[in-house]
Amino acid sequence: MGLVESGKVGGGIQSLLNMSRKYSMWVYQWGLACCAIEMGAAFASPRYDVMRLGVIPLPASPRQADLLVVSGTVTDKMAPSVKRLYEQMPEPKYVISMGSCANCGGPYWDSYSVTKGVDQVVPVDVYVPGCPPRPEALLEGIVLLQERIQNEDMAERWKGEPIVID
């Protein structure tokens, strides 16, 4: 049993671990519709340079990812794939929902085949609003997630209890 599982991690070590986790996030991009273009602009364009934030795009597989960014309309047929992708990621894992369609179904919310938000399928940590949101909005969502990670208590997270951020 390690120090984190036993709850014996001190404040200084916990802060160091959190800082290292927040500045080394591998992000798996799950673009389903038009928001994927804005997500691609944020992650692949030198203009926005997400690597300066410690975010590394394009891991080889979801098994190497810490962060899942879901953008676009999640249909009922796609929901099991999103859930399977989330389950393949190792702990600790985080999810950002990007765009109105991923957040709540967007303009297609009343369609019979659209899931009313990706949070119906997987737990979401940060919601980025917009239709489509600008790349700057996604970067702000990443910074908010990094602040949350910095204040996180890993012992509570490993116990499976809900995260409480003060």
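What follows is a short talk about the labels used for this predicted model.

Trainee: What makes up the secondary structure of the protein?
Mentor: There are 7 helices and 5 strands. Along the sequence they run α-α-β-α-β-β-α-β-α-β-α-α. As for burial, 43% of the 166 residues count as buried.

Trainee: What makes Tyr23 part of a nonpolar surface patch?
Mentor: Patch residues need over 30% relative accessible area and no salt bridge, and nonpolar side chains are joined within 5 Å. Tyr23, at 45%, clears the area cut-off. Together with Leu16 and Met19, Tyr23 makes a patch of about 320 Å².

Trainee: And Ala36, which class does that one get, and why?
Mentor: Ala36 has 25% relative accessibility, so it counts as partly exposed. The residue belongs to helix H3 and touches Gly31 and Ser71, leaving out residues up to four places away in sequence. Its C-alpha atom is 8.6 Å from that of Val70, 34 residues apart along the chain.

Trainee: How do you know that the buried residues of H4 are on the same side?
Mentor: Start with the buried ones in helix H4 (residues 79-88): Ala79, Val82, Leu85 and Tyr86. They span an arc of only 125 degrees around the axis, and therefore lie on the same side of H4. The buried residues of H4 pack against E1, E3 and E4.

Trainee: Which residues have the most contacts inside the largest nonpolar core?
Mentor: Phe43, Val69, Ile96, Leu138 and Ile142, in a core of 21 residues. H6 gives the most to this core, with 5 residues. Take Leu138: beyond four places in sequence, it touches Met39, Ala42, Phe43, Val69, Ile96, Met98 and Val128. A second, separate core has 17 residues, among them Ala79, Val95, Val118 and Val121.

Trainee: Why is the Glu152 and Arg21 pair called a salt bridge?
Mentor: The cut-off is a side-chain nitrogen of Lys or Arg within 4 Å of a carboxyl oxygen of Asp or Glu. Here the closest N and O atoms are 2.7 Å apart, so the pair qualifies. Glu152 lies in the loop between H6 and helix H7 (154-159) and Arg21 in helix H2, 131 residues apart. Both are buried.

Trainee: What about Asp125 and Arg148, how far apart are their closest N and O atoms?
Mentor: They are 3.8 Å apart, so with a cut-off of 4 Å this is a salt bridge as well. Arg148 counts as partly exposed, because its relative accessibility is 25%. Glu136 and Arg134 also meet in a salt bridge, at 3.3 Å from N to O. The structure holds 4 salt bridges.

Notes
Residues numbered from 1 in each chain as written. Predicted model: local features only at pLDDT ≥ 70, side-chain atom pairs only at ≥ 80, totals over all residues. Heavy atoms only, no water. Patch = residues over 30% accessible without salt bridge, like charges linked within 9 Å, V, L, I, M, F, W, Y side chains within 5 Å. Areas by Shrake-Rupley, 256 points an atom, 1.4 Å probe, with all protein chains shown as cover. Buried < 20%, exposed > 50% of the residue type's maximum accessible area, 1.4 Å probe, protein only. Core = buried A, V, L, I, M, F, W, Y, C linked by side-chain atoms within 4.5 Å. Helix = DSSP H or I, 4+ residues; strand = E, 2+ residues; numbered from the N terminus. Contact = heavy atoms within 4.5 Å. Arc of directions from axis to C-beta.
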